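Hi everyone, thanks for coming.

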Amino acid sequence: MTDLAAAKKHRLAPLTTPTPLGTDATRDISAELNALLADTFALYFKTKNFHWHMSGPSFRDYHLLLDEQSDQIFATVDPIAERVRKLGGTTLRSSGHAVRLQRLSDNDADFVTPADMLAELSQDNQRVAAFMRETHALCDRYGDVATASLLEVWIDEAERRTWFLFEAGRQS
């Protein structure tokens with residue numbers, strides 16, 4: 001085989017990353033991680049939306065809090081997608097694909113009060129933590145300790161965000 005033919009064959013080869021977990025684990029865990037990735041994008045975008053549209057006497061504190069939280073959320077995007085690939089799966093290919101998989105609701109309202117923003121984000125972070133726990137249980141069933149350990153860190157981060165949003169939204 002010529003070098004050109006070998007290069008073309010390699011280019012056209014399917015994305016089959018070797019994994020000891022098996023095809024069922026690859027399929028099931030990848031599907032859950034892709035849904036989690038879609039939810040992560042939705043939560044990131046909503047957090048940024050509220051960050052950009054924050055108003056009121058606590059503007060600075062809330063604006064900075066949501067900026068910090070959106071950075072933390074976005075920092076999980078690539079590790080989630082790369083974990084799917086490490087397992088031998090394929091990941092999201094477009095924003096449309098993400099929208100079809102996301103379980104969190106968007107908020108396209110023209111105006112949302114700061115208290116409602118904090119409450120909605122708190123609930124969304126709780127839901128994401130719950131989705132992560134479900135994915136963790138699936139990983140446990142397949143013996144995927146690497147994905148499970150990543151999820152444990154992200155669950156803790158989501159719970160911390162929930163706590164901060166809850167406390168920031170208290171009315172005395």
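Let me start with a question: is the crossing of α4 and α7 left-handed or right-handed? Keep in mind while you look that this is a predicted model.

The crossing of these two helices, α4 and α7, is left-handed. On the α4 side, the contact is made by Pro79, Ile80 and Arg83, and on the α7 side by Ala146, Thr147, Leu150 and Trp154.

Now the geometry. Helix α4 covers residues 77-86 and helix α7 covers residues 145-168. They pack at an angle of about 165°, and their axes are 11 Å apart. Angles over 145 degrees count as roughly antiparallel, so that is how α4 and α7 run relative to each other.

On to the second pair. Here we have helix α2, residues 23-52, and helix α3, residues 59-74. Their axes come within 9 Å and cross at roughly 160°, which means α2 is roughly antiparallel to α3. The crossing of α2 and α3 is left-handed.

Who meets whom in this one? From α2 we have Thr40, Leu43, Tyr44, Thr47, Lys48, Phe50 and His51. Across from them, α3 brings His63, Leu66, Asp67, Gln69, Ser70, Ile73 and Phe74. The residues of this contact of α2 with α3 divide into six nonpolar, six polar and two charged.

Methods
Residues are numbered from 1 along each chain as its sequence is written. This is a predicted model: local features need pLDDT of at least 70, side-chain atom pairs count only at pLDDT 80 or more; totals for chains, interfaces and linings use all residues. Side-chain values use heavy atoms; hydrogens and water are left out. Axes are lines fitted to C-alpha atoms, for helices over the stretch in contact, and angles run from 0 to 180 degrees between N-to-C directions. Helices (H or I, at least four residues) and strands (E, at least two) are DSSP runs, numbered from the N terminus. Angles under 35 degrees count as roughly parallel, over 145 as roughly antiparallel, 65 to 115 as roughly perpendicular and the rest as oblique. A crossing is left-handed if the near helix is turned anticlockwise from the far one by less than a right angle, and right-handed if clockwise. Contact means heavy atoms within 4.5 Å. Ala, Val, Leu, Ile, Met, Phe, Trp, Tyr, Cys and Pro count as nonpolar, Asp, Glu, Lys and Arg as charged, and the others, Gly among them, as polar.
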